[in-house]
Amino acid sequence: MPPLVGGGLPLLGSLPALLSQQAEFFPRARARHGDVYRLRLGPLSMIVVNHPRHVQHVLRDCSSKYGKGGALWDSIRTLLGNGLGVSEGDYWLRQRRMMQPHFHRERLDELVGVMVDAIDDELEVWDTAARTGSPLHPMHAVSPIIMKLITRAVLGGDIDREEIELLTARVTFALSYVFRGIVAQELPSWVPVPGRRRYQQALRDMDAVLFKIIERSQRRQQRAGDSGGLLATLMSAVDPETGQRMTADQLRDEVVTLFLAGYETTSTGLAWTLQLLLHEPAVMAELRAEVDRVVGQSRPDASHLARLSYTRMVFQEALRVRPPLWWLVRVAVVDDEIDGFHVPAGTFVLAPTYAIHRHPDCWEDPERFDPGRFTPERTASRHKLAWIPFGTGQRQCIGSTFAMAEAQLILARLVQRYTFAAGSPRRTAVPALSIALRIKNGTPLRVTRRSPP
Ligand code: HEM
């Protein structure tokens, strides 16, 4: 049996320690208890695995022995329905096959123009901060841009500001509610959980807007046969085996999934990137030099992406130290063995990305922010699963190329137009656990408009 962490508290287990230490709990527990340990968090108990070779085992070599976690996702399923992130088996495979081609590099290059338009539309918060000198929180600095970008890329251009605002508000609330729901779902449905009614209303509001957009797109597509983002592409996607297309309900679930999977993750990833850059003047200077050299004052386009390699490495390093999805979880569907430890069927297995990204076997001085770790040579010299912000194996993130392109374009556009430094109050931001790794007590940005170089 692996050692049990925090077994002393009968009802809560390690929950209090996790809540007080937040993400830091995981590297500390690994340092004290080793690469495999057991953990109890209130009603949930699990085995925690911390080495890239365990990730190789659970998510790749023996992935058929592990499922996505059934009941654990029930509260998320109320939001995502049977979308790609939570579906399993033949249904998942069929949907993934239909969607995968639309996330390939060449298809995404066609979306770069849409992405840059969306970024330019949402620079108002930056311009205001530059004009008034008011401090800008990193999350507020990026989330409207990402929301606009993801809605345009997924839902097409035919969506107005009011709809975007309503979706943003409902989605943000629904996500925070769903995270609390992972624990609250252990309670019977008649127990009043704070916010449950508001959540149900948020779902209804969200669906009303989404079905309206789907219907509009269907009509438009029938009329003009034109393309309107990924939604329109998915509408015309045909299952090669059955020749069938997706129904409106399936489209709704996939659209909500893309939307949620793509919004919160990329926003927190980029917000952390800005936050970390405030304390890294040398990295900031190198980033600016690359953007000036590669893009200059022109509009970023698909041809710049391959040459913005340092920009890409900055984002990769930010995803290492602050992985937006800080855990990967599976449930054993049959008995298994990991590193000599028996894993009975039904056990939850948690791989805390946050701790794996700091494993001393793979990362030297892991707290240091060093984009140079991601040169091709240094990457090749490491375990290939030492860096897993997008997961790995069959269920690897479908949007990883999309997210990398998005981050490069946003960083390039921001660095081209503005400089930003630490505003006040200056604080050391805490990586706080929610569905994504949030910034708690961050330092706001002090923004200035750059004059052309
Ligand atoms: C920095 C940004 C992002 C991060 C860190 C991220 C991370 C991840 C991770 C770790 C998984 C695997 C979860 C697991 O194995 O349990 C995943 C799955 C997924 N991601 Fe992302 N993601 C990002 C951006 C995006 C974007 C932009 C989209 C869509 C436009 C997207 C769509 C999805 C979908 C649909 C899945 C489920 C795939 C499946 O199960 O087949 N993600 N993501």
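Ile-164 is partly exposed because 19 other C-beta atoms lie within 10 Å of its own; a residue is called buried at 20 or more such atoms, exposed at 12 or fewer, and partly exposed in between, with C-beta atoms placed from the backbone. The model is a predicted one, in which local features need pLDDT of at least 70 and side-chain atom pairs count only at pLDDT 80 or more, while totals for chains, interfaces and linings use all residues. Residues are numbered from 1 along each chain as its sequence is written.

Ile-164 belongs to helix H10 (residues 161–184). Helices (H or I, at least four residues) and strands (E, at least two) are DSSP runs numbered from the N terminus. Leaving aside residues up to four places away in sequence, Ile-164 touches Met-147, Lys-148, Thr-151 and Ile-159, where contact means C-beta atoms, placed from the backbone, within 7 Å. Glu-254 is 90 residues from Ile-164 along the chain, and their C-alpha atoms are separated by 18 Å.

The sheet comes next. It is open, has 6 strands in the order E1-E2-E3-E8-E5-E4, and its pairing is mixed; two strands pair if DSSP finds at least two bridges between them. At the edges are E1 and strand E4 (66–67), each of which pairs on one side only. Strand E1 (residues 4–5) runs parallel to E2 and is joined to it by 2 bridges, with Leu-4 opposite Arg-38 in E2. Strand E2 (residues 36–41) is mostly covered, as 5 of its 6 residues are buried. On to strand E3 (residues 44–49), the pairing with E2 is antiparallel over 6 bridges, and Arg-40 stands opposite Ser-45 in E3. The hairpin of E2 and E3 has 2 residues between the strands, and Gly-42 takes a positive phi near 55° there. E3 in turn pairs in the parallel sense with strand E8 (residues 348–351) over 3 bridges, Met-46 standing opposite Phe-348. Helix H3 (residues 52–61) lies across E3, E4, strand E5 (328–332) and E8, and runs at about 135° to E8.

Two helix contacts involve H16. Two packed helices are described by the angle between their axes and the distance between the axes. Axes here are lines fitted to C-alpha atoms, for helices over the stretch in contact, and angles run from 0 to 180 degrees between N-to-C directions. The axes of H13 and helix H16 (residues 309–321) come within 9 Å and cross at roughly 100°. H13 is therefore roughly perpendicular to H16, a term that covers angles of 65 to 115 degrees. Gly-269, Trp-272, Thr-273 and Leu-276 of H13 meet Val-314, Phe-315, Ala-318, Leu-319 and Val-321 of H16. By class, this contact has 7 nonpolar, 2 polar and no charged residues; Ala, Val, Leu, Ile, Met, Phe, Trp, Tyr, Cys and Pro count as nonpolar, Asp, Glu, Lys and Arg as charged, and the others, Gly among them, as polar.

Helix H14 (residues 281–294) also packs on H16, their axes coming within 8 Å and crossing at roughly 145°. Val-283, Glu-286, Leu-287, Glu-290 and Val-291 of H14 make the contact with Tyr-310, Thr-311 and Val-314 of H16. It has 5 nonpolar, 1 polar and 2 charged residues.

H13 returns at the ligand. Of the 22 residues around the ligand, Ala-261, Gly-262, Gly-391, Cys-397 and Gly-399 come nearest; a residue is near if its C-beta atom, placed from the backbone, lies within 6 Å of the molecule. Helix H13 (248–277) and helix H19 (400–417) each supply at least two residues of this shell, and the largest share, 7 residues, comes from H13. The shell divides into 12 nonpolar, 8 polar and 2 charged residues.

How values were computed: Angles under 35 degrees count as roughly parallel, over 145 as roughly antiparallel, 65 to 115 as roughly perpendicular and the rest as oblique. Two residues are in contact if their C-beta atoms, placed from the backbone, lie within 7 Å.
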